[in-house]
There are 4 protein chains.
Amino acid sequence: MGAKEFAGVFPYLVSPVDSDGKVKEAVLKSLVDHLIKKGVHGLTPLGSTGEFAYLTWPQRQRVVEVVVEAAGGRVPVVAGVAHTSIPEAVRQAKEMEKIGVDGILAIMDTYFPVPPDGVAAYFRGIAEAVSRPVVLYTNPTFSATNLSPEVIEALAATPNIRYLKDASANTGNLLTLMNRLEGKMKIFSASAHIPLAVMMFGGVGWMAGPSCVVPAESVKLYELARERRWEEAIIAQKRLWGINWVFQKYALAPCIKACLELQGFPVGAPIPPLQPLKGQALKEIEEVLKSLGALKV
Amino acid sequence: MGAKEFAGVFPYLVSPVDSDGKVKEAVLKSLVDHLIKKGVHGLTPLGSTGEFAYLTWPQRQRVVEVVVEAAGGRVPVVAGVAHTSIPEAVRQAKEMEKIGVDGILAIMDTYFPVPPDGVAAYFRGIAEAVSRPVVLYTNPTFSATNLSPEVIEALAATPNIRYLKDASANTGNLLTLMNRLEGKMKIFSASAHIPLAVMMFGGVGWMAGPSCVVPAESVKLYELARERRWEEAIIAQKRLWGINWVFQKYALAPCIKACLELQGFPVGAPIPPLQPLKGQALKEIEEVLKSLGALKV
Amino acid sequence: MGAKEFAGVFPYLVSPVDSDGKVKEAVLKSLVDHLIKKGVHGLTPLGSTGEFAYLTWPQRQRVVEVVVEAAGGRVPVVAGVAHTSIPEAVRQAKEMEKIGVDGILAIMDTYFPVPPDGVAAYFRGIAEAVSRPVVLYTNPTFSATNLSPEVIEALAATPNIRYLKDASANTGNLLTLMNRLEGKMKIFSASAHIPLAVMMFGGVGWMAGPSCVVPAESVKLYELARERRWEEAIIAQKRLWGINWVFQKYALAPCIKACLELQGFPVGAPIPPLQPLKGQALKEIEEVLKSLGALKV
Amino acid sequence: MGAKEFAGVFPYLVSPVDSDGKVKEAVLKSLVDHLIKKGVHGLTPLGSTGEFAYLTWPQRQRVVEVVVEAAGGRVPVVAGVAHTSIPEAVRQAKEMEKIGVDGILAIMDTYFPVPPDGVAAYFRGIAEAVSRPVVLYTNPTFSATNLSPEVIEALAATPNIRYLKDASANTGNLLTLMNRLEGKMKIFSASAHIPLAVMMFGGVGWMAGPSCVVPAESVKLYELARERRWEEAIIAQKRLWGINWVFQKYALAPCIKACLELQGFPVGAPIPPLQPLKGQALKEIEEVLKSLGALKV
């Protein structure tokens, strides 16, 4: 798969794990198969939605093995790698490559503030350890990494750092980056941005949790944007945004798992110490899915 | 002017004040005249760019008098009103109405955190004291006011609260608001958003400092968006965004004043304790103006 | 009074205002008289507890006039002055001096971030406009002013900037400041610090809202600390801290007003948009006052 | 060692690692031996100062093995355990117990915000998996864990959760906790607090990086506080605080490593992506050590 450029809708997969810590392989496989049949262009296990922070290393490994196997080369798999330590992140990336992923989503966990040189060293370390393309993941909400425009631009010189996925919610800053990186790095939106707004200014797609739940509608929106049919895309985007409006009120990963349970995928509860949604939140989730026709009645 | 709906490009005016604290009336008048001739649809004195926080009340009053007089009814004037205290904000709003403004931009300063009921009481207090339309201004960066979607929606029931101007930089949240407020309140973008992204989803224009410096280009972009000529609008927006990219690195008000000085409007230095731009910042400002053709050589 | 150094317990006074915006003079006078009889060493109207941010200028003026008159020279009155604008703060300080205050508590409101030179100019501007001693007020929680150790040390060169009152809650940083400022500026604690911990390392007293409610106990603690009777002071401080523990859960100004009402001072409700305490909060307030013997049964 | 209560000065040890990632065992052993000879009452590997976040698991394991062996039962060793995942933290704690530590310092890493029930489950999970005493570590600066007073109080019911080490810098909040937890949990200060202020109100000692560098002076201060010789303790504390004043300007772990290098312990550079101190910072570090007599000339 490695030769083809990444573009389109890459759902962030949830990590279904039972109460004994075992990866629920059957449901993960059926979810992968379902998403591919609905037309998604790639799959991203171990992003934020994948609760990577709450998984042990063997669980992370198993999740990615199952996804790679279930995808069977039909779409590229871009797996998350995340740590504070450079050697540990490098080790993870190498193991992911051995499992057979098509790309690495590089996430930098933080504890102490890290100076710009240290941030660059972290991402460069991962990229130089693997041969697959690397997607930089900036997420100022959950990880305090200071990935400044200057550092991102410097990282663009590393040949296989080819994509940026920004979860900052500040679309203006992202346009600034897109203007600066034109021709050097391709941009994916995260669910914190309005995907259509990013596509409009040159983005190549989105990597986001909600697309797990509304894959067909997401693919449709992507196609409209790619064909530059803006009037139809605007209507589709406004309608689809209803789901983000609810998700942003509650915790993202528990929301996606709750939605998938409602849709008939028994992915189970969020991984402790995260807690499942209750009462009013569940009701709102159900209503918004119904309003989008994403729930069989 | 009151009968017409507000829409289009409303530059946030700077407040030119000399070192003795006197409003520089001649340059303010000539700036107003220049902007109207370039086609702007309204004028907004005493927004953030207008350094309202650093002006005394008599200075604020004089700035608005000069603007109203210079505009001479050619475009609507929407003046900023800002305080922590309800009676003081009400007093300001009434005096602004006497001066002859066409609308009030209502800003809530904060000191202690204020509960939602208190926030609603502040804005309702202003609106009920005047007969002109009121624009709610949300600015979580500089003012800690918690204008939640629920409070905004409740305020929409006050007849003359008719517009919302959001300076949050989070376009996703703004789309959520736009979806909820459809038919109840009209939305203006601030310079923290990409104006075209807001227009696309139903916004009616933007109130922003940068339009002081690139009025013709801003009006052109607005017209393209209004006529739904998206392909041309995208190109115009990407080009125009270069100016925000520089402004966001430095303080906004000092940037706009520096630009206007370069363009031949002697608006003077930022008002103390704000400090003027120096060295590298000034160079970058000059370069970006040149690249946009906004500087006579 | 000006000749004597400020030291000891300076309660931050509440601002009793009725629903028409009139200062409730009788209750304010009786509170001032009560506090002086309980032994407090000074009075501070228009601090945070005084809800200065929610008062109009005429209300601020009237509050200070009443306090100065009621104090009648028995203890020094140090009045708060607060604005974003230098000329406006200077004007306020001059008017306060005319009313007859013994010192100025200088507070810097913020809107835009202000560079260090601008911060220094603000405080120096106030100090040079008056002949009374000035107390610098640092409050990073409610005002984003960057009063760095370097700026504070530079300000110590202005002859009448003689005191610092820190509301940062970070006692370690305050000790750093105390070490640096030894012999140049005297330090008052705010209610965010444990007063005894500040006294121990060289502080000269505290300016704080809770002392309005437990004046005799506060004076007793101060005397123990001044006489270096640490063992008794520790016991007194631990006991007295119970009140801060409750106040910090709820908003400070509404708490103090609620306490005074319970103690028989009809100071009224917090000033809108602030909201009065209710239910559980009121109960906790009552219990803690009882436990300290600060409520007649 | 398990039978004795923890109390006194527990230096946070640095983790000396060479450029190949190998633990520098000789220097770590000699540091441990030196600190014990200087009188410290315990040792804490893998705290923040120990750069735990930048170590792989085998490195963490090796650091603790070396410390336990070098301590040889002379003082208790309390090792840090830190993760986002409950099973992973439990695994770490069990392995630490096997290595022979005397206590566990339980740190909760965060990614998503975790609700209070999840936070309690994390710490309870660790405590129930081991038989050694557990020290709760609250660090709102570097880890967003919401360890509210209510959750801490609930955790006190778990028999071996016996200590709390707070790194919040807010000594007032810590006194509130101390009042609530009296008789249920013992309190250690972190370097963000003034140790003497915590001891005064009932603390039993401190766990802090700076004590690595000034062990004898720290032990002396502890003895003065324990013997309630407050006047001498105040002088000692004010003097010793000079070192925190410098450390807080720069990154803590790089500072401690730089100090130890100056003192003749070749502990090496901070672990990437952290960066070593340079220029001015190094000079200030050297000066403060000299001023405290902590540097042989």
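Biologist: Let's start in chain B. Which hand does the crossing of α2(B) and α3(B) have?

Modeller: Right-handed, going by how α2(B) passes α3(B) in this predicted model.

Biologist: And what's the packing angle between helix α2 and helix α3 of chain B?

Modeller: About 30°, with the axes 10 Å apart; α2 covers residues 57–71 and α3 covers residues 86–99. The two are therefore roughly parallel to each other, since angles under 35 degrees count that way.

Biologist: Which residues make that contact between α2(B) and α3(B)?

Modeller: From α2(B) you have B:Trp57, B:Arg60, B:Gln61, B:Val64, B:Glu65 and B:Val68. On the α3(B) side there are B:Arg91, B:Gln92, B:Glu95, B:Met96 and B:Ile99.

Biologist: How many of the residues in that contact of α2(B) with α3(B) are charged?

Modeller: There are 4 charged residues, alongside 5 nonpolar and 2 polar.

Biologist: OK, over to chain A. How far apart are the axes of α3 and α4 there?

Modeller: 9 Å, with an angle of about 30° between helix α3 (residues 86–99) and helix α4 (residues 116–129) of chain A. That makes α3(A) roughly parallel to α4(A). The crossing of these two in chain A is right-handed.

Biologist: Who's involved on each side of that α3(A) and α4(A) contact?

Modeller: α3(A) brings A:Ile86, A:Ala89, A:Val90, A:Ala93, A:Lys94 and A:Glu97. α4(A) answers with A:Ala121, A:Tyr122, A:Gly125, A:Ile126 and A:Ala129. By class, the contact of α3(A) with α4(A) has 8 nonpolar, 1 polar and 2 charged residues.

Biologist: Now chain C. Are α8(C) and α9(C) roughly parallel or roughly antiparallel?

Modeller: Helix α8 (residues 215–226) and helix α9 (residues 230–247) of chain C pack at about 150°, with their axes 8 Å apart. An angle over 145 counts as roughly antiparallel, so that is how α8(C) runs relative to α9(C). As for the hand, α8(C) passes α9(C) in a left-handed crossing.

Biologist: What makes up the contact of α8(C) with α9(C)?

Modeller: C:Glu217, C:Ser218, C:Leu221, C:Leu224 and C:Ala225 come from α8(C). Facing them from α9(C) are C:Trp230, C:Glu232, C:Ala233, C:Ala236, C:Gln237 and C:Leu240. That gives 7 nonpolar, 2 polar and 2 charged residues.

Biologist: Changing topic: what takes chain D onto chain A?

Modeller: A rotation of 180° with 0.0 Å of shift along the axis, and the RMSD is 0.0 Å. The two copies are thus related as by a two-fold rotation axis. They also meet through the same surface, because 100% of the interface residues of chain D are interface residues in chain A too.

Biologist: Which chains don't touch chain A or chain B?

Modeller: No contact joins chain A and chain C; their closest C-alpha atoms lie 19 Å apart. Chain B and chain D don't touch either, with their nearest C-alpha atoms 19 Å apart.

Biologist: How many salt bridges are there over all chains?

Modeller: The search of the whole structure finds 80. One to look at is B:Glu286 with B:Lys290, where the closest N and O atoms are 4.0 Å apart. Both residues sit in helix α11 (residues 279–291) of chain B, 4 residues apart, about one turn of the helix.

Biologist: On to the backbone. Is the peptide bond from A:Pro272 to A:Pro273 cis or trans?

Modeller: Cis, with omega near 10°. A:Pro273 is in the loop between α10 (252–262) and α11 (279–291) of chain A.

Biologist: What about D:Pro272 to D:Pro273 in chain D?

Modeller: That peptide bond is cis with omega near 10°, and D:Pro273 lies in the loop between α10 (252–262) and α11 (279–291) of chain D.

Biologist: Last one: what's the phi of B:Ala169?

Modeller: It's positive, about 75°, although B:Ala169 is not a glycine. You'll find B:Ala169 in the loop between β5 (161–166) and α6 (171–181) of chain B.

Technical notes: Residues are numbered from 1 along each chain as its sequence is written. Chains are lettered from A and ligands numbered from 1 in the order in which they are written. This is a predicted model: local features need pLDDT of at least 70, side-chain atom pairs count only at pLDDT 80 or more; totals for chains, interfaces and linings use all residues. Side-chain values use heavy atoms; hydrogens and water are left out. Axes are lines fitted to C-alpha atoms, for helices over the stretch in contact, and angles run from 0 to 180 degrees between N-to-C directions. Angles under 35 degrees count as roughly parallel, over 145 as roughly antiparallel, 65 to 115 as roughly perpendicular and the rest as oblique. A crossing is left-handed if the near helix is turned anticlockwise from the far one by less than a right angle, and right-handed if clockwise. Contact means heavy atoms within 4.5 Å. Ala, Val, Leu, Ile, Met, Phe, Trp, Tyr, Cys and Pro count as nonpolar, Asp, Glu, Lys and Arg as charged, and the others, Gly among them, as polar. Copies are superposed by least squares on the C-alpha atoms of residues with pLDDT of at least 70 in both. A salt bridge is a side-chain nitrogen of Lys or Arg within 4 Å of a carboxyl oxygen of Asp or Glu.
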